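This report describes selected local features of a protein model. Please keep the sequence and the structure in view while reading.

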Amino acid sequence: MTEPAHRILVVDDEERIRRLLKMYLEKEGYEIEEAEDGESALRMAAGKDYDLIMLDVMLPGIDGVEVCSRLRQVKATPVIMLTAKGEEMNRVQGFEAGADDYVVKPFSPREVIYRVKAILRRSSATAFLTKEANSSNNIVLPHLVIEHDAHRVSAGGQEVSLTPKEYELLHYLAVSPDKVFSREELLKDVWNYEFFGDLRTVDTHVKRLREKLNKVSPEAASMITTVWGVGYKLEVTK
């Protein structure tokens, strides 16, 4: 039986950009739906499950950062922000609102497809891992339990809601406790980026991960340690 095509929502107020992205992505076999403003995007994303949302920062009415922030309150759908060159502050705000990545306009087809495939590859890993999973996939640490078959994280006895990318980052660190990973290593292995990555992507996701863990367990949050000048590790107290 043929696998259903990944469904992607493209949100941009410029028809030319939507048409361009639709052409690139449909050529790769993806199913594309479009929205031209933030309100439509929220309505469509709330009413239907998408595998990925490509979201322009500068939208009329509700902007892309606010759309992402509201979406994150109810869904963990991966989000790629579309930003104009030089809108660095918007990219940072996008990451803080819960975006998984960004593409800078004007973009090349190669970069768009590379980033989309990288994110879909990571988020769709859940289906494969579930088939292969058993209880030995669970990681049990002081203050932190990761049930890999269910992609469920508990800290201090309470479940923590993470986006697919936040989960992948935490699991990657937890598989090798006390091992220090550079930002470059994390970007390559967690995001699958070898060519286009921005190291601040890692920093922002670590910050969000700590904040979410801290709400239920400051002890669990403090396990994610910054090793200055190198990167990050998940520290387990002996």
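The sections below treat the basis of the model, a set of strands, a helix and a loop residue.

## Basis of the model

The model is predicted; local features need pLDDT of at least 70 and side-chain atom pairs pLDDT 80 or more, while totals for chains, interfaces and linings use all residues. Residues are numbered from 1 along each chain as its sequence is written, and side-chain values use heavy atoms, leaving out hydrogens and water.

Helices (H or I, at least four residues) and strands (E, at least two) are DSSP runs, numbered from the N terminus. Strands pair if DSSP finds at least two bridges between them. Strand β6 (residues 139-141) pairs with strand β7 (residues 144-147) in the antiparallel sense over 3 bridges, and Ile139 stands opposite Ile146 in β7. These two strands form a hairpin with 2 residues between them, and His143 in the turn has a positive phi of about 75 degrees.

Strand β7 also pairs with strand β8 (residues 152-155), in the antiparallel sense over 4 bridges. Here Val145 stands opposite Ser154 in β8. The hairpin of β7 and β8 has 4 residues between the strands, and His151 takes a positive phi near 50 degrees.

## Helix α3

The buried residues of α3 include Val65, Leu71 and Arg72; buried means under 20% relative accessible area, exposed over 50% and partly exposed in between, with a 1.4 Å probe and protein chains only.

## Thr77

Thr77 is found in the loop between α3 (64-72) and β4 (79-84). Thr77 counts as buried because its relative accessibility is 10%.
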